[in-house]
Each structure stands twice: as C-alpha cells, then as structure tokens.
Amino acid sequence: MTFSPELKFNDGNTIPQLGYGVWQVEDDVAEKVVGQAFEAGFRHIDTARIYGNEAGVGRAIERSGLKPEEIFITTKLWNADQGYESTLKAFEESMERLGLETLDLYLIHWMQPKQEKYVDTWKALIELQKQSRVKTIGVSNFSKEGLQRLIDETGVIPAIHQIELHPFFSQAELREFNASKGILTEAWSPLGQGGELLESPVIAQIAAKHNATPAQVVIAWHLEIGNVVIPKSVTESRIRENYAALEVNLDATDVQAINGLDRSAEGAGRIGPDPAVSDFA
Ligand code: NAD
C-alpha cells in the first residue's frame, strides 16, 4: 500500500501530509468511517472536542489494531475551554475519550480575539508538550497578528496552522507568512465542502487530462503546493478515491490554472468565519 508523504514540523516530528477529517460526523458513524479510512490507507485523523466524535475515533483506533506509532491523531481545544487550567482539564477529557496516552497534535481551535485568552491557552499547550502528553502543538484559525503575539510572548512557534483553504480561497498571503516562520499550513474544507468547486470547468479539464476525479485534482493541488490536507467523506468509495489522489501528479500548468480560481481579490471565496474578528462559544 502507498502511504502518504510525511512533512517535517519545526519540532522535528513529522505528519502524514494527507489525512482524513471528521467534522459533522456522528460519533457512531465516526467509528465506522474512520475504520474505512484506515483500510483505505489513511493514517492521519483530524477530530476536535466540538465534533463530539472523539470517542468514536478512539473506538475505531482500538478496533483497527494499529499501534500508536503507526497512526497520527489530531484533536482541538474548544473555544469555551480556553484559559490555562481549563485547557489542561479539557485535554485530559479529550484523551480519555480518544483512549490515548499520548497525542500527536493538539491545536487551539479558534483564536477568539475578544476572549483574550489565547496566550494563556498556548502556555498550557507548551506545558503539555513539556510533559510529553502531546508530541506537537499548533493552532487553527489565527490571524498573522495573533500568531506573532504567541511567538513574542512565549518564544514558542506553533508547528502548524490549520486554516480554511481551497482553490476559491487559497490564502497565498497567510501561507507565505506561515512558511516564513517555519509553520506548516494545513487546509480545512480543502474541497470547499464539495459543490461548486468540484463542478468547476477548470478542474474538470485537468481531471480529464489525468484520468482523475475533480476531488482528486483538488487534493493533488493541495499536496503539490505543500499543504497538509484533510478531506472528509462518509462514503467509502469516496474515502478510497480521496486517498488515491496520492497517485495524481499535477504539472506546473495545472497548478497555475487552479491558482487562478482564487476569489479573494473580489472579497469572496471564504466559506467560514474570519478568525481575526469572529468570537463564538
Ligand atoms: P471538505 O472540503 O473536506 O468537503 C467535504 C465534502 O465534500 C463532503 O461532505 C462531500 O459532500 C464532498 N466530497 C468529499 N469527497 C468527495 C469526492 N471524492 N467526490 C465528490 N464530493 C466529495 O469539507 P470539511 O469537512 O469542511 O473539511 C474537512 C475537514 O477539515 C473536516 O472534516 C475537519 O476535520 C476540518 N475542519 C476544520 C475546521 C477548523 O475550524 N479547524 C473547520 C472545518 C473543517
């Protein structure tokens, strides 16, 4: 079986570049589909406290018989749990649900600028890493300014930044900023949540050229530009299809054509909230 390439973090650890995300997947379904993802070849799973399926992911891990060193698990600290002590507590609760001793990657889910707790939360993640409860620490949904503040106030640079990123919203500036700090970029909603992006004529043309599907072309674009990418599907054939995107090799012309789909210059493309201003519990 082909396994995903690994990317190296600034702390020396590595992450499988292609992973499988489980947002909006019920706990029982998560157990089934994460099992199917493991069978397809995925070894990297992206969950979060707020998804309500850490226990289902944990049962899938247990049933798979895979050893902890063979898999890579990410979970995220929810907004309502930000703050130093509350983060340490929320981490233990997540670990109990996942049934793990050590976590591969823990992320602050959203910056939540108005709460003003993200620096204290980051200090708790630094402590968890010092205690070897988590191997690698990072953030999700931060602004450049927020990232810079974490670095200035703690001296610890996040290893990865998980952000909304797909061809309609390709985040060139934030990707460049992450790279300038040695932070990997991870794409959420990498397929633009399905729909219009996967029906784009530009994508269709490239798919036909490579005898691939639109979803595979979009995943291959993420891999080509250096993103960690975590597509979601609860359909077994699509889980396999998305994994097989590892076999699709785009050339520079394809990448350039897909880069041209970005809509941010028109102030469009973003699906989710803007992390720099959004605060929600
Ligand atoms: P996605 O972009 O991965 O799109 C998923 C949807 O695309 C599916 O529900 C299905 O409708 C369609 N799809 C998937 N494979 C397909 C295929 N082969 N052919 C046709 N259609 C296909 O959307 P997502 O779930 O929002 O994002 C992926 C993961 O990113 C999530 O599961 C989660 O792990 C993570 N995420 C993180 C955040 C965050 O705030 N950090 C936010 C959203 C998502």
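The paragraphs that follow describe a predicted model, beginning with the ligand.

The ligand sits in the largest pocket. Around the ligand are 27 residues, of which Asp 46, Gln 162, Ser 189, Leu 191 and Asn 242 come nearest. Helix H9 (residues 236-243) supplies the largest share of this shell, three residues. For Ser 140, a polar side-chain atom lies 2.9 Å from a ligand nitrogen; for Tyr 51, the corresponding distance to a ligand nitrogen is 3.4 Å. An N or O atom in the side chain of Glu 241 is 3.0 Å from a nitrogen atom of the ligand. Taken alone, the ligand exposes 830 Å², and the protein buries 88% of that.

Next comes helix H2, which spans residues 54-64. Its buried residues are Glu 54, Gly 56, Val 57, Gly 58, Ala 60 and Ile 61. The cover over these buried residues includes helices H1 (27-40) and H3 (84-98), together with strands S4 (44-46) and S5 (72-77). Just after H2, Gly 65 takes a positive phi of about 75 degrees.

The last stop is Ser 4, in the segment before strand S1 (6-8). Is Ser 4 buried or exposed? Ser 4 counts as buried because its relative accessibility is 11%, and buried means under 20%. The side chain of Ser 4 reaches the backbone nitrogen of Gln 17 at 3.0 Å. A polar atom of that Ser 4 side chain also lies 3.0 Å from the backbone nitrogen of Leu 18. Leaving aside neighbours within four places in sequence, Ser 4 is in contact with Pro 16, Gln 17, Leu 18, Tyr 243 and Leu 246.

Methods
Residues numbered from 1 in each chain as written. Predicted model: local features only at pLDDT ≥ 70, side-chain atom pairs only at ≥ 80, totals over all residues. Heavy atoms only, no water. Buried < 20%, exposed > 50% of the residue type's maximum accessible area, 1.4 Å probe, protein only. Helix = DSSP H or I, 4+ residues; strand = E, 2+ residues; numbered from the N terminus. Contact = heavy atoms within 4.5 Å. Polar contact = N/O pair within 3.5 Å; in protein donor to acceptor, adjacent residues only side chain to side chain. Near = heavy atom within 4 Å. Areas by Shrake-Rupley, 256 points an atom, 1.4 Å probe, with all protein chains shown as cover. 1 Å grid on protein atoms, 1.4 Å probe; cavity = no way out; pocket = protein on both sides within 12 Å on 5 of 7 lines; lining within 4 Å. Sits in = over half its atoms within 2 Å of the grid points.
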